[in-house]
Amino acid sequence: MAVAVIMPRQGNTVESCIITSWHKKPGDKVAPGEILFSYETDKAAFDEEAKVEGTLLAAFFEEGDDVPCLTNVCVVGQPGEDAEPFRPGAPKADTAGPAEASAPTAPAQAISDGTRISPRARALAASSGADLSRAVPTGPEGRVIARDVQALIDAGLVATPAARGTAAFGAEGTGLGGRVTLADLARTAEAPAPQAAVPAAPEEADSYVEPLSHMRKVIAKSMTLSLSAMAQLTHNISFDATEIRRMRALFKEKGEPFGLSRVSINDIVLYAVARTLANPAHRALNANLIDDGKSMRYFRAVHLGMAVDTDRGLMVPTIFHAEKLSLAQISAEAKRLAKACREGKIGPAELRGASFTVSNLGSLGIESFTPVVNPPQTGILGVCAMKDAVRMRDGQIEVYPSVNLSLTYDHRALDGSPASRFLLDLKANLENFALLLAL
């Protein structure tokens with residue numbers, strides 16, 4: 001019996017996922033445990049395995065499609081079984097009339113001669129002016145997909161305004177069911193161009209259009225909300241990194257038996273931030289501003305967000321109860337989470353619940369920056385590169401290693417003085433790190 005394979009919901013807040021690759025194609029035999037397709041949320045990547053043995057009868061979406069959760073993606077069954085009743089949007093057998101039954105709906109829209117085009121490909125064509133009448137479909141079931149449109153753009157096959165007019169994008173068609181036919185496209189292309197017609201595109205376009213990834217869209221939405229809804233202000237302070245650099249060298253040389261040999265400067269900063277935030281005096285930074293800025297949720301534990309750079313974009317996993325972890329434990333957890341993010345294996349539960357975030361750009365040589373608060377958190381700490389600084393001590397010029405810290409906070413949640421006191425306490429803890437470890 002044919003069985004539909006749905007797009008799983010990876011977390012309560014995930015509404016859709018993007019198919020990144022198909023590992024099987026219609027007609028292929030599949031066995032339980034074999035991967036049918038891979039997909040990703042805005043944060044993590046997953047593989048969908050077959051649950052039953054059979055043949056992949058149909059695939060309703062293509063690579064790059066953004067599929068709502070719990071929607072039928074494909075069908076596995078026995079050769080000859082009908083997969084159309086499982087197609088998303090297909091009419092119910094007991095309610096569909098003759099006309100409906102003869103033309104089931106599909107996620108892709110129709111273009112010339114009934115050829116279907118995916119939503120992503122249509123959006124790319126609309127933004128670039130690609131001449132869809134010359135597209136060569138390579139997608140499932142003969143659909144035009146995004147890579148087909150990109151091929152048109154790369155080849156300079158971009159329609160002039162007269163040619164594409166409304167024919168490729170919503171023209172009144174004369175074909176069956178109002179579909180736009182090749183004759184409609186040709187008739188529109190032959191229509192006289194307006195006097196102010198734009199010249200045809202050059203043979204080789206000097207630019208190309210690419211839709212934002214799902215993850216990039218989520219980041220853009222979050223950052224726009226953050227900057228438009230918060231009263232953000234950034235304070236900067238530097239600290240003498242002599243102590244933590246000395247400790248780091250000691251851990252590397254003698255820390256193997258204690259699980260400390262791989263401790264990094266970033267691990268040391270995370271440890272110091274967690275201990276500093278645990279001080280009740282700084283509870284306004286270990287909090288969420290909620291109810292449209294009418295209430296504060298204060299955390300009894302420090303759930304430390306850690307910004308991680310990945311090929312797919314910025315991710316922020318959470319080190320839970322960081323104030324209770326030893327330096328060795330924080331180091332191990334930070335490395336585990338970063339690895340999971342970069343491999344796309346991070347779980348949704350590990351990407352939420354942070355009470356404060358640390359973003360370290362020191363490895364990129366950044367000396368100062370303004371981190372953006374991740375709502376509903378009230379603060380984020382930016383950690384910068386270590387550099388040589390000069391100061392006077394006992395009448396002598398002295399060179400020492402210095403690190404700049406940039407604290408961005410929501411001024412609705414706290415004022416400048418408590419924000420500054422947090423930085424002063426953090427500075428003292430980092431400059432006296434051996435004593436902090438002894439507490």
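Guide: Cys341 has a relative accessibility of 2%, so it counts as buried; that word stands for under 20% relative accessible area, with exposed for over 50% and partly exposed for anything in between (1.4 Å probe, protein chains only). Cys74 is buried too, with a relative accessible area of 0%. Keep in mind that this is a predicted model, in which local features need pLDDT of at least 70 and side-chain atom pairs count only at pLDDT 80 or more, while totals for chains, interfaces and linings use all residues. Residues are numbered from 1 along each chain as its sequence is written, and side-chain values use heavy atoms, with hydrogens and water left out.

A disulfide is a covalent bond between the sulfur atoms of two cysteines. The structure holds zero of them, counting any pair of cysteine sulfur atoms within 2.5 Å.

Now to the wider setting. The chain has 11 helices and 20 strands, taken as DSSP runs (H or I, at least four residues, for helices; E, at least two, for strands) and numbered from the N terminus. Of its 439 residues, 44% count as buried. The exposed surface comes to about 22700 Å², and carbon and sulfur atoms supply 54% of it; these areas come from the Shrake-Rupley method with a 1.4 Å probe, and for residues only the protein chains shown count as cover. Among contacts (heavy atoms within 4.5 Å) between residues at least 6 apart in sequence, 62% join residues at least 24 apart.

What does the interior look like? The largest nonpolar core has 81 residues, and those with the most contacts inside it are Phe37, Leu304, Phe356 and Leu381. Such a core is a set of buried Ala, Val, Leu, Ile, Met, Phe, Trp, Tyr and Cys residues joined through side-chain atoms within 4.5 Å. Helix H8 (residues 265-277) gives the most to this core, with eight residues. Apart from it lies another core, of 11 residues, among them Ala121, Leu132, Val149 and Leu152.

Helix H6 (residues 214-229) can be read in a similar way. Its 16 residues should span 22 Å at 1.5 Å a residue, and its end C-alpha atoms are 23 Å apart, which agrees; the expected span is 1.5 Å times one less than the number of residues. His214, Met215, Ile219 and Ser226 are its buried residues. They cover an arc of only 135° around the axis, which puts them on the same side of H6. The face turned away from that side carries the exposed residues Lys221, Thr224, Leu227 and Ser228. On the buried side, H6 packs against strands E2 (16-22), E7 (66-68), E11 (232-240) and E16 (313-315).

E7 leads us to Thr71, in the loop between E7 and strand E8 (72-77). Thr71 counts as buried at 16% relative accessibility, and beyond four places in sequence it touches Val5, Ile6, Met7, Phe61 and Pro88.

Another loop, between helix H9 (327-342) and strand E18 (356-360), holds Glu350. Glu350 is partly exposed, with a relative accessible area of 22%.

Finally, the backbone geometry. Most residues other than glycine have a negative phi, and most peptide bonds are trans. His321 has a positive phi, near 50°; it is in the loop between strand E17 (318-319) and H9, partly exposed at 39%. The peptide bond from Pro375 to Pro376 is cis, with omega near 10°, and Pro376 sits in the loop between E18 and strand E19 (379-393).

Definitions and conventions:
The arc is that of the directions from the helix axis to the C-beta atoms.
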